[in-house]
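Biologist: Hi! Could you walk me through the pockets in this one?

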Amino acid sequence: MSAEPRSPKDTFITVYGRMPVLEVLQDDSLTVDKVLVAEGSHGDSLDRIRTLARRRGVDLRTATAHRVKVLAGNGKHDQGVLADVVAPRMALVEDFVQRPAVGGGGSDLVLVLDGVSNPSNVGMILRTATAAGLAGIVLPRVGSPGVDPLVVKASAGVAYRAPILRCRTAADGVRALAQAGWRVVGLDGGAPDDLYDTELPSATALVLGNETDGVSQEVAELVDTWVSIPMADGVDSLNVSSAAAVVCFELRRRAVAAKTR
């Protein structure tokens, strides 16, 4: 059992705005738990939302406009409607580390986002890490954007199916992984060890830091090994989403190579 109660935000991705809600209702591959419409809201798109929700048997509720704004977390863009979409692979870090090992390519490889704050970067990283077959992407509640329509759009919809691991802070997530046997590896441009030459165990949690400040001090104290991506021609860094792509597919390459030996 988890040491903390599971929040709805650790189960659902809340989508707000008329077109985003309409899009999820039109996608039969997504399970929509409920749709909430603000009292007094009207318009053709809302009529279509109500019709689709009823047709799919989705719980359709009405609430005050204030309640919708609070639940959406974005009062300027909710447009009087939100939907809770089931994220089937979302889990708490504490539950993830207790699961039986699956074995095989990438089943124990985890990416940790420590203060990555740009929604576009987060969305692109979720897409990349999922494509590379990583077991999880730690996205803390503190210091990271929620999985909102901006993140979903940047992920090209992959965020709904991504193996997102939730915790309060990045340090909480890293600590839980470390205690369960994961080796914590930090990415830093100044690290002397080369990502490609460093031996990493199958249970590796690789930490990516904030776009400007890098890995936080609290998480840095938990890092076992620091690695860097080798650069040429005077380039000293990559955008965090580009760095994530390099890291994820290097980890994927290793996992596939180990599986085929």
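This is a predicted model: local features need pLDDT of at least 70, side-chain atom pairs count only at pLDDT 80 or more; totals for chains, interfaces and linings use all residues.

Biologist: How much space lies in the second largest pocket?

Modeller: About 480 Å³. A pocket is an open set of points on a 1 Å grid over the protein atoms alone, where a 1.4 Å probe fits, with protein on both sides within 12 Å along at least five of seven lines. The volume is the space filled by probe spheres set on the points, which are joined across faces, edges and corners.

Biologist: Which residues lie nearest its centre?

Modeller: Leu187, Asp188, Gly189, Ser237 and Leu238, out of 24 lining residues; lining means having an atom within 4 Å of a point.

Biologist: And which strand gives the most to that lining?

Modeller: E10, with three residues. Strand E10 (204-209) and helix H9 (240-260) each supply at least two. Those are DSSP runs numbered from the N terminus: H or I of at least four residues for helices, E of at least two for strands.

Biologist: Switching to the largest pocket, how much space is there?

Modeller: About 580 Å³. It has 26 lining residues, and the closest to its centre are Lys9, Phe12, Thr14, Leu71 and Ala72.

Biologist: Which element gives the most there?

Modeller: E1, with four residues.

Key. Residues are numbered from 1 along each chain as its sequence is written. Side-chain values use heavy atoms; hydrogens and water are left out.
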